[in-house]
Amino acid sequence: MGYPNYSSGTLAQNEFTITEHHLKLLKNMQVEWNQLDKGAPQINPYSPYGASQLSTSMAKILGLDAMCPCPNCAEIHNAEVIDRLSKFHREMEHVLQICISLQTFEAGIYVETPLPNLTRRIWAKKDVVR
Ligand SMILES: [Zn+2]
């Protein structure tokens, strides 16, 4: 059983790869309303993918729950697994930007167009995942 394929290494080249793992997580994100200031939709920052511990809920969604859950509490305590999953979780910012702005939910390689004086990132699809 493998880990999800991480893609943050390509961000330096303004490229980001969306995998099927990212799309599974996206499908399970807990969208809600944040009433601060003018109000806006947000992903629940306390439980982005459901009620349990972040890495445990991610592992369950990704089908990795048999990997190493604690026999006592069913949560994941392995520091390496937690670290890798939290980095994977961090990538969801780009997944959300790409899927919403391009109105597409497809695995593939996306490239960011660097435009000056823009506060948001502009993405375009470059290629399918090989
Ligand atoms: Zn435990």
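Modeller: In this predicted model, glutamine 103 counts as exposed because it has 6 C-beta neighbours inside 10 Å, and the limit for an exposed residue is 12 or fewer. Glutamine 103 belongs to the loop between helix 4 and strand 4, and its place is just after helix 4. Its phi is positive, at about 55°, although the residue is not a glycine. Most residues other than glycine have a negative phi.

A second residue may be set beside it. Aspartate 37, which is not a glycine either, has a positive phi near 50°. Aspartate 37 sits in the loop that links strand 2 (31–34) with strand 3 (40–43). Aspartate 37 has 6 C-beta neighbours inside 10 Å and therefore counts as exposed.

Helix 4 covers residues 92–102, and His94, Val95 and Ile98 are buried in it. Why do these buried residues line one face of the helix? Viewed down the axis of helix 4, they fall within an arc of 105°, so they share one face. The general rule behind such a pattern is that an α-helix has 3.6 residues a turn, so residues three or four places apart point the same way. The face turned away from the buried side of helix 4 carries Glu93 and Ile100, which are exposed.

What do the buried residues of helix 4 pack against? Their partners are strand 1 (15–18), helix 1 (20–27), strand 4 (108–113) and strand 5 (122–127). Helix 4 lies across strand 1, strand 4 and strand 5, and it runs at about 90° to strand 5.

These three strands form an open sheet in the order 1-4-5, with antiparallel pairing. Strand 1 and strand 5 are the edge strands, since each pairs on one side only. From one strand to the next, the twist averages 35°. Strand 1 and strand 4 run antiparallel and are joined by 4 bridges. Within this pair, glutamate 15 stands opposite valine 111 of strand 4, and phenylalanine 16 has tyrosine 110 of strand 4 as its bridge partner.

In soluble globular proteins, nonpolar side chains tend to be buried together. The largest nonpolar core of this model has 9 residues, namely Leu25, Tyr49, Met58, Ala59, Leu62, Leu64, Ile76, Leu85 and Phe88. Helix 2 (54–61) and helix 3 (79–90) each supply at least two residues of this core. A second, separate core has 6 residues, among them Ile18, Val95, Ile98 and Tyr110.

Leaving aside neighbours within four places in sequence, leucine 85 is in contact with Ser55, Met58 and Ala59. Met58 and Ala59 are listed with Leu85 in the largest core. Leucine 54, which has its place in helix 2, is 31 residues from leucine 85 in sequence, yet their C-alpha atoms are 8.3 Å apart. With 18 other C-beta atoms within 10 Å, leucine 54 is partly exposed. Beyond its neighbours within four places in sequence, leucine 54 is in contact with Pro48, Ser86 and His89.

The overall arrangement may now be stated. The protein has 4 helices and 5 strands, and from the N terminus on they run β-α-β-β-α-α-α-β-β. Of its 130 residues, 19% count as buried. Among contacts with a separation of 6 or more, 44% join residues 24 or more positions apart.

Finally, the confidence of the prediction must be considered. The pLDDT averages 84 over the protein, and 83% of the residues score at least 70. Over residues 5–10 the pLDDT is below 50, although this stretch has 13 contacts in the model beyond near neighbours in sequence.

Methods. Residues numbered from 1 in each chain as written. Predicted model: local features only at pLDDT ≥ 70, side-chain atom pairs only at ≥ 80, totals over all residues. Core = buried A, V, L, I, M, F, W, Y, C linked by C-beta atoms within 7 Å. Buried ≥ 20, exposed ≤ 12 C-beta atoms within 10 Å, placed from the backbone. Contact = placed C-beta atoms within 7 Å. Arc of directions from axis to C-beta. Pairing = 2+ DSSP bridges. Axes fitted to C-alpha atoms, helices over the stretch in contact; angles between N-to-C directions. pLDDT = per-residue confidence, 0-100.
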